[in-house]
Amino acid sequence: MRIDWHQVYAAIWRSHSQKLKPVQRLDPVRLSELKGIDKQKTAIVENTQHFIDGKTSNHALLWGARGTGKSSLIKALLNELAPSGLRVVQIDKDDLGYLPEILDALEQEDEQFRFIIFCDDLSFEEGESSYKPLKTLLEGGLELPPEHVRLYATSNRRHLLPEKKSENQLSGLVDGEIHYADSLEDKLALSDRFGLTLSFYPANWESYFDIVMSLFTGVTVDKEQLHEASRLYAMGRGSHSGRTARQFYQFYRASLVD
């Protein structure tokens, strides 16, 4: 049964049943709630708006430290732009072998909808070859990929494939230009196929507290007490990222009496 994309904003590929499952409960996060990543927000919104408008646009790789808002940014993007025709199809890394079938299905859909293939936490280990279907989507093979489909991926790695020290040692300068070892060149080529690459870095304490305060908007709290409680929580977690701030909110909010 085909999905009615007029009613459905997102779907997830289920490999066991080999079909797309409509998402019934979207994460309601909004762009305005994401703090400390304004440059990244501006770049991804601009690229996606160009995509929706039928202008030239790029596939996007969002990489960087864990908990810095990479996945939340994609979810918020959908919430903002779904009324304009944006739709998202999420696929796990382990299911990339089904990507050609998904692209075939999306090619039959009305081009009034613009589809982002979303692959979260994307990276590959030595010897894996499951990344190969990505090349077809990113640059095309004999048949070009659909114009109304783009790939947005998140990763903790700038380069999606692992690099060995020996590969770097085989690289060197030739006439003032860097020449990579053949094996390393192939690994770097995958990341280079993303026309838009956005980096995300750990939040400083000021940004962390700003995120905490934004989450408690409309809730009567003592600012200094909240900052201290959120600081202790973050120290216990070993991280003061945006993800930690949201986890603190879930933890602390339940203890407050409305």
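Tutor: Start with the inventory. The chain has 9 helices and 9 strands. Helices (H or I, at least four residues) and strands (E, at least two) are DSSP runs, numbered from the N terminus. This is a predicted model: local features need pLDDT of at least 70, side-chain atom pairs count only at pLDDT 80 or more, and totals for chains, interfaces and linings use all residues. Residues are numbered from 1 along each chain as its sequence is written, and side-chain values use heavy atoms, with hydrogens and water left out.

Student: In what order do the strands of the sheet lie?

Tutor: First the rule: two strands pair if DSSP finds at least two bridges between them. Here 7 strands form an open sheet, in the order 2-1-4-5-6-3-9, with mixed pairing. Strand 2 (19–22) and strand 9 (196–200) stand at the edges with a single partner strand each, so one side of each has no neighbour in the sheet. On average, neighbouring strands are turned by 25° against each other, direction ignored. For angles in general, axes are lines fitted to C-alpha atoms, for helices over the stretch in contact, and angles run from 0 to 180 degrees between N-to-C directions.

Student: Which strands does helix 1 touch?

Tutor: Contact means heavy atoms within 4.5 Å. Helix 1 (residues 38–52) packs on the sheet and touches strand 3 (60–64), strand 4 (86–90), strand 5, strand 6 and strand 9. Its direction makes about 155° with that of strand 9.

Student: At what angle do helix 7 and helix 8 cross?

Tutor: The axes of helix 7 (residues 205–215) and helix 8 (residues 223–237) come within 10 Å and cross at roughly 115°. Among the residues that meet are W205 and F209 of helix 7, and L226 and M235 of helix 8. The contact divides into 8 nonpolar, 2 polar and 2 charged residues. Ala, Val, Leu, Ile, Met, Phe, Trp, Tyr, Cys and Pro count as nonpolar, Asp, Glu, Lys and Arg as charged, and the others, Gly among them, as polar.

Student: Is D110 buried, exposed or partly exposed, and where is it found?

Tutor: Buried means under 20% relative accessible area, exposed over 50%, partly exposed in between (1.4 Å probe, protein chains only). D110 has 42% relative accessibility, so it counts as partly exposed. D110 is found in the loop between helix 3 (99–107) and strand 5. D110 and W5 are 105 residues apart in sequence and 9.0 Å apart in space, C-alpha to C-alpha.

Student: What percentage of the chain is buried?

Tutor: Buried residues make up 43% of the 258 residues.
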